[in-house]
Amino acid sequence: MTQPRVAVVGPGRVGRTLSIALPGHGHPVVAVVDRGEDPAPIAAADVVILSVPDDAIAPVFADLAARRAILAKQVVIHCSGLVSADALATQSFHVAGRASLHPMMAFASTERSLAALP
């Protein structure tokens with residue numbers, strides 16, 4: 001079975017940790033995109049992880065959907081424990097699936113986070 005291809009939007013501590021950890025567990029990361037970068041590679045993913053500040057989740061999602069970087073066939077996940085998955089929908093655009101995934105741990109540094117994540 002082929003594992004879903006993942007794109008990470010927001011390479012901060014959480015995004016960077018996930019983008020390093022996921023390939024080691026069989027989930028290929030096809031793009032890591034920061035603000036200001038071309039979001040086109042996100043379209044190659046089956047799963048898009050938004051690892052952005054809580055107050056940026058809905059606007060980043062809406063912007064990427066409007067720019068056709070996020071596609072209706074994708075599953076989109078954000079990494080906030082405070083924001084519901086409803087932030088990953090607009091009136092005119094819906095994805096194949098959406099979820100909130102908040103690892104219950106601190107991400108003080110990438111190295112420490114990689115050691116603690118499993």
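**Entry 1: helix H1**

The model is a predicted one, in which local features need pLDDT of at least 70 and side-chain atom pairs count only at pLDDT 80 or more, while totals for chains, interfaces and linings use all residues. Residues are numbered from 1 along each chain as its sequence is written, and side-chain values use heavy atoms, with hydrogens and water left out.

Helices and strands are taken as DSSP runs numbered from the N terminus, helices being H or I with at least four residues and strands E with at least two. H1 covers residues 13-24, and I find that its 12 residues reach 18 Å from first C-alpha to last, close to the 16 Å expected at 1.5 Å a residue, where the expected span is 1.5 Å times one less than the number of residues. An α-helix has 3.6 residues a turn, so residues three or four places apart point the same way.

After H1 comes Gly-26, with a positive phi near 85 degrees.

**Entry 2: the sheet**

Next I traced the strand order, which is S2-S1-S3-S4-S5 in an open sheet of 5 strands with parallel pairing; two strands pair if DSSP finds at least two bridges between them. S2 and S5 stand at the edges with a single partner strand each, so one side of each is left without a neighbour in the sheet. From one strand to the next the twist averages 15 degrees, with axes fitted as lines to C-alpha atoms (for helices over the stretch in contact) and angles running from 0 to 180 degrees between N-to-C directions.

S1 and S2 pair in the parallel sense over 4 bridges, and Val-9 stands opposite Val-33 in S2. H1 packs on the sheet, touching S1, S2 and S3, and its direction makes about 170 degrees with that of S2; contact here means heavy atoms within 4.5 Å. H2 also packs on the sheet, where it touches S1, S3 and S4 and its direction makes about 140 degrees with that of S3.

I followed the chain through S3, helix H2 (residues 57-66) and S4, which make a right-handed β-α-β unit; right-handed means that, with the strands pointing away from the viewer, the path from the first strand over the helix to the second runs clockwise. The parallel strands S3 and S4 are joined by 4 bridges, and Ile-49 has Ile-77 as its bridge partner in S4. S4 and S5 also run parallel, joined by 4 bridges.

His-78 lies in strand S4, stands opposite Ser-100 in S5, and is buried with a relative accessible area of 0%. Its side chain reaches the backbone oxygen of Val-83 at 3.1 Å, a polar contact being a pair of N or O atoms within 3.5 Å; within protein, one must be able to donate a hydrogen and the other to accept it, and residues adjacent in sequence count only if both atoms are side-chain atoms. Leaving aside neighbours within four places in sequence, I list among the contacts of His-78 Leu-50, Ile-57, Leu-88 and Leu-101.

Ser-80 is in the loop between strand S4 (75-78) and strand S5 (97-100), and I note that Ser-80 is buried, at 1% relative accessible area. The side chains of Ser-80 and Asp-54 make a polar contact at 2.9 Å. With neighbours within four places in sequence left aside, Ser-80 is in contact with Asp-54, Ile-57, Ser-100, Leu-101 and His-102.

**Entry 3: exposed loop residues**

I turned to Arg-68, in the loop between H2 and S4, which is exposed with a relative accessible area of 58%. Most residues other than glycine have a negative phi, whereas Arg-68 has a positive one near 60 degrees.

Asp-38 has its place in the loop between S2 and S3 and counts as exposed at 55% relative accessibility. A polar atom of the Asp-38 side chain lies 3.0 Å from the backbone nitrogen of Ala-40. I also noted that the C-alpha atoms of Asp-38 and Ala-69, 31 residues apart along the chain, are separated by 9.1 Å.

Ala-106, in the loop between S5 and H3, is exposed with a relative accessible area of 63%. The C-alpha atoms of Ala-106 and Arg-13 are separated by 9.6 Å, the two residues being 93 apart along the chain.

Definitions and conventions
Buried < 20%, exposed > 50% of the residue type's maximum accessible area, 1.4 Å probe, protein only.
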